[in-house]
Amino acid sequence: MGAGVLSLPAGVAAMGDVPKAMIPACAIFVTLGTISAYTFHLIGRIVSEAKVTSLGQLWDKEIGPSTSWLITLACFLVCYGTCLAYSIVLGDTFRSLAESAGLKASREANVAVISLFGVYPLCTLKSLAALKPVSIIGNIGLLTTALVMTIRALPGGAYSAASSATNYLATLPLTLHPSFGVIGLRKLSSTLVLSSMAATAFLVHMAGPEFYQTLEKRSIKRFGVLSTLGFSSVLALSAYMMCVGFLTFGGSCKGMILNNYSTLDPGATLCRFLMGIALLGSYAFIGNVMKSSFNQLIYKGKEITDEIQKKTTQALVGTITALALVLNDAGFVVSFTGALLGSALIYIIPPLLFLKSTKRRIDNGSLASTSTLKIERFWNRFLIVLGVFLALAGGSMTVVNSFFPHLL
């Protein structure tokens, strides 16, 4: 969660600017969230039989080591896309915080300064132990943001034209004002933008094997219960924030919903501050995984010296910063990453591993080919087809929605 959940209202806005757009939006989000929970649990089931500790090792055993670099590449690209989205959001967030303090600074200047004096130093840390409290700040930030968004969405709230008390509409450009009923519902294909964002919101599957192996009192049943609770909590909070954000701003929802709120809004300023700190720390954690994946791809089998680590950090943070200076829509990055990589890691790779694993066990006689198993294998084949469709169609629609909206 984080940058992903803050982009979801824009996914609904891509479908239309009327409240009833939330009905198909919630249906899509719940359906894909449920499928994501199933494939995450599927990974745990395969790992329990294969006795491995990572998705790469699982691929080596079931598919073959010659193509295991694909898993490493997918991990690297997901982390790269996530860090890019974080850079864009951090630039927007600290620009708004500067404006709240009465200072003027462009988004581009904030991206450059934060990357140089915040992101890069954190990504060079050899130990990230000091950043563990960031996860707590992140949770507090999300809950605080949900509360503030709820208050602002109430009838007669600070962003309603009917408000007779504090009203922030006069401090916003017209493009950020709430917009309802101008366009109506768009074509069915517009739902693919939200579908792509949903993949990013539920993308934790790379950590599935480690989560299962490190689980206290490990069992498939316990893993299933905890997975259900975790995904249900994320789904409920994400769907709620998606709806509340959309009900406040409608078709004008930006790729990062906090950008819609006034810099004079103290509640939004608090949310920006908390989320900014959380994203900086999260960038360091994800950046560490990104560097490891990159080094494994480029320097596989070689010793990773401090000099290599330094050059890798400089190259990755430098290119991400350069892209963040050009791209200004975090929603596009979240959706495009979810379409191509989220679809692969959620809807394609786990079912493919399941089909390979069950076939191997059926062939060696350790697993009976029951009617229930046949149905589940058919279901997983369908998920692979669904994943390919969402990757290709979702990626294409994300590009159209961001750069050629007049075609929708």
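Here is a friendly conversation about a predicted model, whose residues are numbered from 1 along each chain as its sequence is written. Local features need pLDDT of at least 70, side-chain atom pairs count only at pLDDT 80 or more, and totals for chains, interfaces and linings use all residues, while side-chain values use heavy atoms, with hydrogens and water left out.

Biologist: Which helices do the buried residues of H5 pack against?

Modeller: The buried residues of H5 include Arg107, Asn110, Ser115 and Cys123. Contact means heavy atoms within 4.5 Å. The partners of these buried residues are helix H4 (69-100), helix H10 (266-298) and helix H11 (306-326).

Biologist: Turning to aromatic rings, why is the pair of Phe40 and Phe231 called tilted?

Modeller: Rings of Phe, Tyr and Trp (its six-membered ring) pair if their centres lie within 6.5 Å; planes under 30 degrees apart count as stacked, over 60 as edge-to-face and the rest as tilted. The whole structure has 17 aromatic pairs. For Phe40 and Phe231 the ring centres are 5.4 Å apart and the planes stand at 55°, so the pair is tilted.

Biologist: How many residues apart in sequence are the parts that this pair ties together?

Modeller: Phe40 is buried because its relative accessibility is 6%, and Phe231 is buried with a relative accessible area of 9%. Phe40 belongs to helix H2 (residues 22-50) and Phe231 to helix H9 (residues 220-249), so the parts tied together are 191 residues apart in sequence.

Biologist: Which residues form one aromatic cluster with Phe40 and Phe231?

Modeller: The cluster brings in both Phe and Tyr side chains. Besides Phe40 and Phe231, its members are Phe29, Phe202, Phe211, Tyr212 and Phe223.

Biologist: Now for charges: how far apart are the closest N and O atoms of Glu376 and Arg45?

Modeller: A salt bridge is a side-chain nitrogen of Lys or Arg within 4 Å of a carboxyl oxygen of Asp or Glu, and the structure holds six of them. Glu376 and Arg45 form one, with their closest N and O atoms apart by 2.7 Å.

Biologist: And how many residues lie between the parts that this pair ties together in sequence?

Modeller: Glu376 sits in helix H13 (residues 371-403) and Arg45 in helix H2, so the pair ties together parts whose separation in sequence is 331 residues.

Biologist: Which residues are linked in a network of salt bridges?

Modeller: Glu62 and Arg360 form a salt bridge, their closest N and O atoms being 2.9 Å apart. Glu62 is in helix H3 (residues 55-62) and Arg360 in helix H12 (residues 330-363), so this pair ties together parts 298 residues apart in sequence. Glu62 counts as buried at 9% relative accessibility, while Arg360 counts as partly exposed at 27%. The linked residues are Glu62, Arg360 and Glu49.

Biologist: In which helix do Asp363 and Lys359 both lie?

Modeller: The side chains of Asp363 and Lys359 meet in a salt bridge of 2.9 Å, N to O. The two are four residues apart, about one turn, and both lie in helix H12.

Biologist: Last one: what is the phi of Lys217?

Modeller: Lys217 is in the loop between helix H8 (208-213) and H9, and it is exposed with a relative accessible area of 67%. Although Lys217 is not a glycine, its phi is positive, at about 55°.

Note on methods
Buried means under 20% relative accessible area, exposed over 50%, partly exposed in between (1.4 Å probe, protein chains only).
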